[in-house]
Amino acid sequence: MAPVVTAALGALGPVLAYDTEDCFDKFIRHLGNGESHDVGFKEYFRKTARRLKTLGARHGIASQINDLKLRIKEVKELKTSYNLDGVASSTQGHTIVDPRLAALFAEEAHLVGIDSPRDDLAKWMLEEENKQRRRVMSIVGFGGLGKTTLANEVYRKIQERFDCHALVSVSQKPDTKKIIKDLISQMSCNSDFTKDMESWDEQKSIGKLRELLQDKRYLVIIDDIWSISAWKAINCAFPENNSSSRIITTTRILEVARSCCPDRDDQIYEMTPLSDVHSERLFFNRIFGSEERCPDMLIEVSNAILKKCGGLPLAIISISGLLANRPRVKEEWEKVKRSIGSDLNRNQSLEGMKNILSLSYNDLPPNLKTVLLHVSNFPEDYVIDRESQTVWGNSQCSIRCLSIQDIDQELASELAKKDLSHVRSLIITASGCIKHLPSLTKFETLRVLDFECCQGVAQYDMDGMENLFQLKYLSFKETYIRELPSGVVMLDLRTTKIRDLPAGIVQLTKLQHLCSDTF
């Protein structure tokens, strides 16, 4: 039951947040006009709240606010009643399997480009054994590069040289007590030593592991460390016992790798993507069994797909697994090439790649999440101005962000039937029948309007732009228009032929930047 409820709450959360935002926008739109800018926000809010209670015409907004409060309370109570804090989310009714498991048990014959780094790192791990001190090697790189695979191959190659060895994964929310007990279980064969282990607390578990390793030469992999604090909590369980023990850590974060390797005898190894040669070998071997068996008609599209994979082993493995089950027809492969991004949400053979991407995305700070999502609005190979701003939102129930990369009259007609009142960001890079786009009056809560590089923009009816009270960013950059349509207030005038600003510029009270290279 818990996974089902968790999934339901996961769907309710964003919808509730967006509905709350819509209500606030409506509140400001209907009650904010005519207020003095000298009035503080708290005083303004108090006055408008009082007007809500006394004016019947504002009853609708008050009802919406009460409804939202009830919905928030219901979601909170539902979460509490099912004790969902810390419960992993689940989609499509099944538990998501950690994609790193495949890396731990990968067959050596199927690995590509790993022999040289494996041998170099294994050699380093066994150097200076006579110095009788512990050494740490940290493998660092972004998700999908093969850190876990490389660490495991080094582990396999040298494990017989140690008295005991173990491998554990940490992840983003580590349970230190569980990790320590897992290490003990892998390295102790004495049932008396592990007796009553279920009742051990974290402190006792750490003490028992130190006792177990005190006189042993040990080899340990600590995989997927996400924070310095997690490393410190685990590291204290490994004694400096003058026995030439070795620890391998993997992490996506360079600062964490540095914290794992504070001594000059330690080593940080930074992962790099596969070379073109190794990428091709991995790709073709998984689909055809060898590089030579790829038909000539599929070479060009295969190279284009590999370019999109960027030498990322997990991406290559995921895409090649998808293509291995598709007809060996160029048109079919071209379709896969064009839809690689969108297929991440639809095709189960790409589940591992989606999980890696989700894990990386979820670790980003909120501002970078917004930036990354905003980038998806633009066509492939589009040059994005680094000074462009990001107001983003999306929902299955309403359109929050709209990117138009191609348009004709038929598509414009379909778009006009949609509810566009929730759209916060509109980016138009199309150069087709722009005049058929829906009127700006339909985008009443718009915050970002970007026509950059959109040719033929002068054909579009700009009436109603002065009523976009929340508009914060407006760009006509590189459209080369000569005149401003009536009612337009602008922020980005660069690479246009505009010489005069309209009087309506003063109406844009949320204006933050005015960019121009013509004044």
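How many residues of β3 are buried? β3 is mostly covered, with 8 of its 8 residues buried, where buried means under 20% relative accessible area with a 1.4 Å probe and protein chains only. This is a predicted model, in which local features need pLDDT of at least 70 and side-chain atom pairs count only at pLDDT 80 or more, while totals for chains, interfaces and linings use all residues. Residues are numbered from 1 along each chain as its sequence is written, and side-chain values use heavy atoms, with hydrogens and water left out.

**The chain as a whole**

- The chain holds 18 helices and 9 strands, taken as DSSP runs (H or I of at least four residues for helices, E of at least two for strands) and numbered from the N terminus.
- Of its 519 residues, 43% count as buried, and the chain exposes about 28,200 Å², of which carbon and sulfur atoms supply 51%; these areas come from the Shrake-Rupley method with a 1.4 Å probe.
- Among contacts (heavy atoms within 4.5 Å) with a separation of 6 or more, residues 24 or more positions apart account for 64%.

**The five-stranded sheet**

- An open sheet of 5 strands runs in the order β2-β3-β4-β1-β5 with parallel pairing, two strands being paired if DSSP finds at least two bridges between them.
- Because β2 (164-171) and β5 (267-270) stand at the edges with a single partner strand each, one side of each is left without a neighbour in the sheet.
- Direction ignored, neighbouring strands of this sheet are turned by 15° against each other on average.
- β2 and β3 run parallel and are joined by 7 bridges, with serine 169 having aspartate 223 in β3 as its bridge partner.
- β3 also pairs with β4 in the parallel sense over 5 bridges, and isoleucine 222 stands opposite threonine 249 in β4.
- β1 (residues 135-140) and β5 pair in the parallel sense over 4 bridges, where serine 138 has isoleucine 268 of β5 as its bridge partner.

**Helix α5 and its neighbours**

- Helix α5 (residues 115-126) packs on the sheet, touching β1, β3 (218-225), β4 (246-251) and β5, and its direction makes about 160° with that of β1; axes are lines fitted to C-alpha atoms, for helices over the stretch in contact, and angles run from 0 to 180 degrees between N-to-C directions.
- The axes of α5 and α6 (residues 147-158) come within 9 Å and cross at roughly 55°, which makes α5 oblique to α6.
- The residues making this contact include Pro117, Leu121 and Met125 of α5, together with Leu150, Val154 and Ile158 of α6.

How values were computed
Buried means under 20% relative accessible area, exposed over 50%, partly exposed in between (1.4 Å probe, protein chains only). Angles under 35 degrees count as roughly parallel, over 145 as roughly antiparallel, 65 to 115 as roughly perpendicular and the rest as oblique.
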